[in-house]
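The entries follow in the order I made them.

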Amino acid sequence: MRVCVIGTGYVGLVTGVCLAHTGHHVICVDNNEEKVKLMKAGQSPIFEPGLSELMQSTYQNGLLEFTTDIAAGVQHGEILFIAVGTPPLPTGESDTRYVEAVARGIGANLNDGYKVIVNKSTVPIGSGDWVRMIVMDGIAERQKVLVGAGGVEAAVQKIAAEFDVVSNPEFLREGSAVYDTFNPDRIVLGSNNQKAIDLMKQLYTPIIDRKYAENPSLPPVPVVETDINSAEMIKYAANAFLATKISFINEVANICDRVGADVTQVAKGIGLDSRIGGKFLQAGIGWGGSCFPKDVSALVHTAKDYNYTAELLEAAVKVNQRQRLIAVDKLQQELKILKGKSVGLLGLTFKPDTDDMRDAPALNIIEELNRLGMKVKAYDPIVSQTGLRHGLSGVIVETDPERLADGCDALVLVTEWDQFRTLDYAKMAKLMNHAVIIDGRNFLNPKEIEAAGFRYVGIGR
Ligand code: NAI
């Protein structure tokens with residue numbers, strides 16, 4: 001099928017590349033010229049395991065194209081994905097201006113024939129009808145131009161442009177986005193027109209049939225066919241649930257710290273209950289990234305718009321804000337005076353295997369440590385390689401873990417990168433003024449770390 005994906009960030013690029021890999025002809029549109037130039041040169045603007053390789057192969061076989069020209073993309077595609085960002089506004093609402101610009105651009109460039117416009121971006125509930133309205137506005141503006149230019153015939157033809165809007169929320173995780181696209185737990189399709197749903201199912205057939213899955217013998221991927229509002233709500237409810245689950249275990253961890261229990265054992269013990277499940281029960285310094293914080297806040301805000309206070313979700317956010325600074329509290333307990341001391345952060349990104357720093361807990365931790373007069377250094381496998389391109393301030397980014405440890409009074413493990421399991425901790429301990437490590441992700445083996453000469457402090461253990 002002919003596909004257009006507008007917005008080539010973590011979601012759009014992965015979606016475009018993976019759909020091209022399954023045999024569709026995909027044009028990816030982005031208004032960032034630098035990004036498009038980079039992608040045309042065969043380079044991925046983001047770090048995501050496996051993405052570069054797939055991108056290069058699909059680009060070379062002609063199934064994937066990149067452009068800044070939205071008209072070319074819209075006219076090519078029977079399926080048009082909107083995959084631009086919906087960042088948070090200071091109020092907590094989603095900023096939908098990029099979605100609006102794209103919907104207007106789609107309307108202004110629609111050609112003949114039936115098209116499905118897909119909201120892949122996470123958009124506030126009710127955005128399906130809103131996008132339809134904006135697209136219609138875009139069509140109307142274009143018609144005015146055509147009639148003004150004397151092209152009545154073309155303008156009349158334009159009215160024949162037919163489309164439906166589908167909500168198809170994305171559940172991929174940064175760090176395993178390609179894997180998740182080919183191995184989804186479910187595909188959600190919300191529309192009021194079966195024809196649109198059927199076309200989407202056709203698009204996803206290779207994925208539904210697990211043609212590219214790790215385990216192709218599993219039954220087909222479940223497809224949830226529903227109305228648009230429910231599809232939009234599913235995305236928010238899923239993220240709100242996962243975020244709340246983490247805040248829950250963090251709260252339990254804080255109680256464990258006080259009563260002398262070990263939260264890792266508690267999580268194991270409750271996670272084996274199939275009603276609870278063992279995932280998302282790792283206590284630590286809280287959730288971050290480009291999705292959980294903004295999506296939970298947006299849902300709280302939507303509830304408010306409809307005169308409802310989402311007490312549980314507000315509490316989950318509050319617990320998370322406090323949790324981000326728990327590593328600082330623990331540093332204080334260990335070092336007493338923090339002013340004038342040096343701390344080394346192991347990891348900066350909000351989770352491993354990504355280069356995404358959006359709303360990463362590290363940012364709050366750095367700010368607070370600076371405020372308390374500490375010198376902050378960091379080593380992160382990705383950020384250290386790519387330099388300071390995220391505009392970090394208040395932190396010296398070191399090129400290797402030993403340079404990080406040198407002269408530090410404590411280390412804080414912020415991101416659970418796999419390579420942090422096997423660092424030469426004994427050597428690092430010798431380079432430090434005080435060999436203390438705050439394990440903000442309960443990631444390390446306390447016995448091994450203590451044997452290497454460190455004092456080990458976890459979260460709730
Ligand atoms: P992103 O910020 O990485 O990428 C957005 C892209 O859209 C950028 O490349 C930007 O240049 C482009 N763009 C903005 N305005 C444009 C326009 N008018 N025309 C063409 N391109 C334009 O965003 P990301 O992280 O991919 O998120 C996209 C959406 O997907 C958001 O709504 C997000 O909430 C949702 N989502 C994100 C996930 C993630 O893990 N990042 C997971 C699931 C959903």
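I count a polar contact as a pair of N or O atoms within 3.5 Å; within protein, one must be able to donate a hydrogen and the other to accept it, and residues adjacent in sequence count only if both atoms are side-chain atoms. I note that this is a predicted model, where local features need pLDDT of at least 70 and side-chain atom pairs count only at pLDDT 80 or more, while totals for chains, interfaces and linings use all residues. Residues are numbered from 1 along each chain as its sequence is written, and side-chain values use heavy atoms, with hydrogens and water left out.

Entry on contacts. I found a polar side-chain atom of Asp30 2.6 Å from an oxygen atom of the ligand. For Arg358, a polar side-chain atom lies 2.9 Å from a ligand oxygen atom. Val11 instead has a backbone N or O atom at 2.9 Å from an oxygen atom of the ligand.

Entry on cover. Alone, the ligand exposes 830 Å², and the protein buries 88% of that (accessible areas by the Shrake-Rupley method, 1.4 Å probe).

Entry on the shell. I listed 26 residues around the ligand (near means a heavy atom within 4 Å); Asp30, Lys35, Thr86, Glu174 and Lys294 come nearest. Domain 1 (2-226) and domain 2 (235-322) each give at least three residues to this shell, with bounds from an automatic or database domain assignment.

Entry on the record. The unreviewed UniProt entry annotates Cys291 as "active site"; such annotations may be inferred rather than shown by experiment.
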